[in-house]
Amino acid sequence: MAFDGITVASIVKELSDNLTGGRIYKIAQPESDEIVLTIKTNADKGYQSKVVLSADASLPLIYVSEESKKAPMTAPVFCMVLRKHILNGRITSITQPGLERIVRFEVEHMDEMGDMRHKVLLIELMGKYSNIIFIDEENKIIDSIKHISASVSSVREVLPGREYFVTQTQDKADPLNTDITEFASLIRGKGMPVFKAIYSSYTGLSSVCSQEICYRASIDADKSAIALTDAEFSNLYIAFSGLMSDVKQGTFKPTVAYIGGKPKEYAAFDLTIYSSAENSSIKNYDTMSQLLEGYYSEKNIETRIRQKSVDLRKIVQTALERNVRKLDQQTHQMQDTQKKDKYRVYGELLNVYGYSAKEGDKEITVEDYNTGKPLTIPLDPTLTASQNAKKYFDRYTKLKRTAEALEDQMKDVQEQIQHLESISSSLDIARQEEDLLQIRMELAEAGYVKKKSSEKGKRKEKITSKPFHYISSDGFDIYVGKNNYQNDELTFKVANGGDWWFHSKGCPGSHVVLITGGKDVPDRAFEEAAALAAYYSKGKDQDKVEIDYLQRKNVKKPGGAKPGFVVYYTNYSMVIAPDISNLKEIG
């Protein structure tokens, strides 16, 4: 899903229509690469809008948000610079150069001498090159949220005092200012699929936008541009110019296309390309901000938490790989111990038939009383038959002890692997830093990370992470543990014996508890709880997941077992898709 130039154009129109003339009331920097502007547009009524500008390399965004973000106690330098210059400043215009993925906020403000000054705050939404840059009237950079030196980029430095300019690294035309002659010269001579010829020739167009243009022109998007007939080319240009006309007039229709209940693409225009696709649906939004906030809020949280959990993931992955290697070595050693029974039989047979062996014999063939067939036993010619028998019994005893020791060791390593895999699953579903705190504590308790002094004593009292809470279609409460500590608490403290317990079969996942309240539970509630167990498991990406479920009273925790580990012997099972789109989450 591309944050392309047309998406930016839609956002710019929304911001320009609603925020031009507004005053910048607050400036915050909740993340190292993110600024939030609170803008008052109607002083009499106190109406405020929060504009989020994120230059995150993996998820650059700009949109109007309804949510408040917690800012650090001490504002970063870039935030302080903005406050010094443009706090209480008035926004005179919000524009986009062409269809570039750039948004410019023109701001006028009074300086400390009482003179009117003009500044520009802009955001470049260009993937890993994204940045938020603050420039003065002379087009000089005052500061930026990311400093880019010559050692990092040979194309452009982004440092205080440098002149600001838009890099022209791609030789692309402006789609808003083109005609049929230029369109023909750029498209028809390219030996590549039509849709690719379009987005590689014009600024701000994404792959899905180009495919939509082809669809509207009734042309196969994969057809070579060289092979277009005159009629096809004419239809293509009509579709192209029609879409560009909508952009120039500010006629947008924020749309998300779903396939199988999951978002496939979004755009600032109607996605007719998906209108006839199998198992598809279309959802329209009033504004692009609503679309982006709804679509990216969860993805943005996931991205941030993944960044903050990198150290924990590395610890878990390293320990997991080490234990997997250890189990592999132990498995090979255990295979070697399978010879022990052969050595025992050799010893027993030599004690019975050894008298027939002659001095210096290197082997003896006797009847195996287990099979009734001849069996050849290798002998050490320097030893007597009884000494050879003792040697085989010694080998048997040694291998038996090794097998017994390995059995205990392998059980311990397998439990560690299961534990680490469950922690890895917990990291996958963590949404907040508080969720990571409990996981870090669990790793510390298991000895994978060192305990910090701050984690002792009253540390547990500060934990605010709670299990997921859903309401079934029939009004039943369903809880999902985010980590092993919460799994244990849900299963053995929150749930009663008559409540129902769910877990993915054969793979790590959350404990899911369906609270019955003493009522009869309809099949739909069972299916929804099972879907949650499937969704919050390592099998989430599969089409179907097998789920075990039973009454909580039949779930037991062995003494000394690791957090989240339980046993059960009688259960029901169902196979279900990990789809929870129809469930309502509380809190």
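Figure 1. A search of the whole structure, a predicted model, finds 1 cavity of 30 Å³ or more. A cavity is a set of points, on a 1 Å grid over the protein atoms alone, where a 1.4 Å probe fits but cannot get out. The largest cavity holds about 40 Å³ of space; volume is the space filled by probe spheres set on the points, with grid points joined across faces, edges and corners. Lining residues have an atom within 4 Å of a point. They are Ser-422, Ser-425, Ser-426, Ile-429, Gly-481, Lys-482, Asn-483, Asn-484, Asn-487, Gly-509 and Ser-510. H10 and helix H12 (484-494) are the elements that give two or more residues to this lining. H10 gives the most, with 4 residues. By class, the lining has 1 nonpolar, 9 polar and 1 charged residue. Here Ala, Val, Leu, Ile, Met, Phe, Trp, Tyr, Cys and Pro count as nonpolar, Asp, Glu, Lys and Arg as charged, and the others, Gly among them, as polar.

**Figure 2. Packing of H10 on H11.** Helix H10 (residues 385-429) packs on helix H11 (residues 433-445) at about 165°, with the axes 10 Å apart. H10 is therefore roughly antiparallel to H11 (over 145 degrees). Axes are lines fitted to C-alpha atoms, for helices over the stretch in contact, and angles run from 0 to 180 degrees between N-to-C directions. Helices are DSSP runs (H or I, at least four residues) and strands likewise (E, at least two), numbered from the N terminus. From H10, His-419, Ile-423, Ser-426 and Leu-427 meet Leu-436, Ile-439, Glu-442 and Leu-443 of H11; contact means heavy atoms within 4.5 Å. This contact of H10 with H11 comprises 5 nonpolar, 2 polar and 1 charged residue.

**Figure 3. H11 against H12.** The axes of H11 and H12 come within 8 Å and cross at roughly 95°. The two helices are therefore roughly perpendicular (65 to 115 degrees). Gln-438, Met-441, Glu-442 and Glu-445 in H11 meet Asn-484, Tyr-485 and Gln-486 in H12. The H11 contact with H12 has 2 nonpolar, 3 polar and 2 charged residues.

**Figure 4. Two asparagines with positive phi.** Asn-88 has phi near 75°. Asn-88 sits in the loop between helix H2 (77-86) and strand E5 (90-95). Asn-139 has a positive phi of about 65°. Its loop joins strand E8 (131-135) and strand E9 (141-144).

**Notes.** Residues are numbered from 1 along each chain as its sequence is written, and side-chain values use heavy atoms, without hydrogens and water. Local features need pLDDT of at least 70, side-chain atom pairs count only at pLDDT 80 or more, and totals for chains, interfaces and linings use all residues.

Note on methods: Angles under 35 degrees count as roughly parallel, over 145 as roughly antiparallel, 65 to 115 as roughly perpendicular and the rest as oblique. On a 1 Å grid over the protein atoms alone, a cavity is a set of points where a 1.4 Å probe fits but cannot get out, and a pocket is an open set with protein on both sides within 12 Å along at least five of seven lines; lining residues have an atom within 4 Å of a point.
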